[in-house]
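These notebook entries record what I looked up in the structure shown below.

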Amino acid sequence: MSKTKFILGLFDDPDVMMHGIDALQKNSVPIYDVYTPMPIHGIDDKLGIKGSRLGYAAFMFGILGGTTIFSIIYYTLVHDWPMNIGGKPAFTVPNFIPATFEWTVLFTAFGMTITFFFANHLFPGRAPRVMDLRATDDRFVIAIDAKGNVSHDEITNILKEAGAVEVKHNDRKYVSYE
Amino acid sequence: MASHNESIIREPLVTGDNITYAKVTEDILRPVENMPNKAWWIGFTVASLGACLWVFAVSWTFWYGIGEWGLNKTVGWAWDITGFVWWVGIGHAGTLISAILLLFRQNWRNSINRSAEAMTIFAVICAATYVVSHMGRPWLAYWPLPLPNQFGSLWINFNSPLVWDVFAISTYFSVSLLFWYTGLLPDMAAIRDRATGIRRRIYSICSFGWTGSVKTWQRFEAVCLILAGVSTPLVLSVHTIVSMDFATSLEPGWHTTIFPPYFVAGAIFSGFAMVQTLLLITRKVLGLENYITMFHIEAMNKIILVTGSIVGVAYLTEFFIAYYSGGEYEQYTFLNRFIGPYWWAGCMMYGCNVLMTQLMWFKGIRTSIRVSWMMSIVVNIGMWFERFVIIVISLHRDFVPSSWAMFYPTWVDMSVFIGSIGLFFTMFLLFIRVMPSIAIAEVKLLLKSSSEQSKKKILAEGHVDAEQAEFYKESLTRFDSVELSAYEK
């Protein structure tokens with residue numbers, strides 16, 4: 001039994017890597033994940049990854065922020081302690097817009113970004129689960145789970161034929177753990 | 001797809017031969033991974049001396065109170081608010097580059113956004129310290145927050161533009177910081193994966209465990225787009241609200257409806273000037289000429305020209321409205337800018353911001369690095385005087401002649417201002433030492449579509465319209481980082 005846990009196809013060009021994905025899929029080799037130094041559009045479609053729903057989260061957080069501050073303003077200036085400013089009404093909506101807008105933006109930005117960090121397990125001190133150290137530099141890495149994909153040589157050949165500059169058989173899932 | 005070729009007539013955004021993905025990482029991380037050079041040390045020494053002066057002068061203000069400033073009963077706002085508005089305005093260019101240009105898909109922003117955003121954050125820090133110290137009792141700085149208190153509770157007044165300002169500036173600072181740091185994560189990971197030992201540990205913590213997997217990038221791009229979408233109205237709201245600190249008063253020279261757009265245009269104008277001041281030096285000292293090219297410099301100069309002209313139109317409108325309103329106080333205030341005791345400040349404002357900027361119509365000026373840098377300094381000075389003119393000239397002679405007075409800054413005023421510049425440059429110099437000053441991942445995106453080498457390849461293939469090819473070669477002649485001999489026939 002081979003000790004290989006992951007097979008990595010390293011490409012030096014994003015377009016060649018895309019062909020690599022095609023070639024693997026044509027041969028029904030399931031792809032675990034793809035690591036790239038920059039966002040490459042189209043991989044998510046090929047791998048059948050659904051679009052991000054962070055926009056909905058952002059919208060909800062925005063609503064929450066706007067309502068929160070508007071409620072605070074209403075409570076403080078209209079309900080709890082209405083001020084008599086030249087006999088004008090206390091419920092002066094146009095004046096409440098700036099603060100309401102600012103908190104809408106504030107909650108949208110922080111709520112959405114924290115959701116993103118949470119969903120992707122990003123936080124300070126998180127051990128980086130890197131499969132190849134050059135994936136943040138100049139290598140476009142296709143990772144294939146070795147378990148269940150018995151013919152490792154065949155996968156290697158497919159990757160090589162598709163133009164991979166290097167194919168690695170990693171015994172450990174992540175190289176970055178010390 | 002990354003291989004999408006763009007039209008040949010567009011100037012390259014990355015110049016130089018043999019630029020590979022690895023070389024991009026290498027070039028941009030050179031200042032981060034090596035000991036700084038002599039120029040950095042000299043700059044850092046001077047800047048940190050300035051920062052020390054700032055610490056001293058601000059501490060002095062906190063200890064003895066704002067009576068140490070040159071303010072008097074008539075001129076109650078002077079260098080403090082001038083400095084505050086100046087710094088906030090400078091910050092605006094960073095958000096414009098990172099947010100508005102992202103929404104407009106201006107790819108040239110990719111190599112300047114990182115340092116411009118950093119500049120935003122440092123400028124807002126400088127601005128915030130002015131508001132805190134001008135409160136007089138900075139330990140009560142939490143009073144503008146709607147916290148329950150023992151005065152009733154007597155709540156803060158949300159009808160007041162000063163309260164709006166607290167909300168606007170704090171939101172602006174925190175959202176800018178978030179946007180900047182989220183964008184930094186992939187690049188911090190790039191440093192982490194190349195580093196060893198303690199550096200790896202530190203950058204590992206700072207990079208939040210970034211891996212660059214498909215889902216991370218997909219969500220990252222969604223986050224950046226939405227952050228850009230919310231930052232765009234945010235940045236416009238910030239300077240609008242700053243202008244309302246003035247516009248909602250009844251002071252002649254302040255009480256005008258043109259202030260919000262006028263301030264926003266002025267903010268972007270001064271901000272781009274500061275970006276230019278910083279980047280022209282940064283590209284030289286860090287050797288980033290291939291990434292921040294003449295195209296970037298000229299594009300920024302064009303924005304300076306446009307926003308400077310908008311500011312010019314706003315100035316003219318102000319004068320016309322002062323005349324047309326028939327209000328004698330308003331008319332006097334505007335006349336006073338030229339014939340009053342502060343005529344020299346008025347001349348600096350109109351001369352630097354309107355007249356000098358019009359020189360940018362000439363291509364030779366836009367594409368000369370030395371002249372561009374000097375122009376950026378001129379604009380910085382001019383925009384400082386604009387705020388000084390608006391604040392001090394309006395206040396020093398308003399309704400009752402018996403209360404007219406002059407403003408004379410004390411050494412504390414001057415030290416806080418000069419010191420804040422030192423603080424700003426100290427933070428910027430530290431930033432370029434420990435973080436990538438150019439967004440590495442975003443520049444890599446340009447490599448296959450908009451780089452000089454990819455265009456050279458298209459030219460070599462020869463399927464290009466001859467006229468367009470000629471146009472392209474002609475446009476390259478003004479680049480200082482392009483080897484022109486490669487294009488001779």
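**Entry 1. A helix in chain B.** I took the expected span of a helix as 1.5 Å times one less than its number of residues. The model is predicted, and every value I note is computed from it. I applied the rule to helix H9 of chain B, residues 294–325, which has 32 residues. From its first C-alpha to its last, H9(B) reaches 46 Å, close to the expected 46 Å. I then looked just past H9(B) and found Gly326(B) with a positive phi of about 75°.

**Entry 2. Chain A as a whole.** I counted five helices and four strands in chain A. Read along the sequence, their pattern is β-α-β-α-α-α-β-α-β. I next checked the overall dimensions. Along its principal axes, the C-alpha trace of chain A spans about 85 × 35 × 30 Å. The radius of gyration of chain A is 26 Å, whereas a compact globule of 178 residues would have one near 16 Å. I also looked up burial and found that 40% of the 178 residues of chain A count as buried. Among contacts in chain A with a separation of 6 or more, 84% join residues 24 or more positions apart.

**Entry 3. Where the chains touch.** I asked how many residues of chain B are in contact with chain A. The count is 56 residues of chain B against 58 residues of chain A. On the chain B side, helices H1 (21–33), H5 (161–194), H6 (197–206), H7 (214–247) and H15 (440–450) each supply at least two residues. H7(B) gives the most to this side, with 16 residues. By residue class, I recorded 31 nonpolar, 18 polar and seven charged on the side of chain B that touches chain A.

**Entry 4. The largest nonpolar core.** I asked which residues of this core touch the most other members. Of its 194 residues, they are Val141(A) and Val275(B). H5(B) gives the most to the core, with 17 residues; H5(B) is also one of the helices that supply the side of chain B touching chain A. From chain A, the core draws at least three residues from each of domain 1 (6–50 + 130–170) and domain 2 (54–119).

**Entry 5. Around Val141(A).** I listed the contacts of Val141(A), leaving aside neighbours within four places in sequence. They are Leu8(A), Leu10(A), Val34(A), Tyr35(A), Met131(A), Asp132(A) and Ala135(A). As general background, I noted that nonpolar side chains tend to be buried together in soluble globular proteins.

Terms used:
Residues numbered from 1 in each chain as written. Chains lettered and ligands numbered in written order. Predicted model: local features only at pLDDT ≥ 70, side-chain atom pairs only at ≥ 80, totals over all residues. Contact = placed C-beta atoms within 7 Å. Nonpolar A, V, L, I, M, F, W, Y, C, P; charged D, E, K, R; others polar. Core = buried A, V, L, I, M, F, W, Y, C linked by C-beta atoms within 7 Å. Buried ≥ 20, exposed ≤ 12 C-beta atoms within 10 Å, placed from the backbone. Domains from an automatic or database assignment. Rg over C-alpha atoms; globule rule 2.2 N^0.38 Å.
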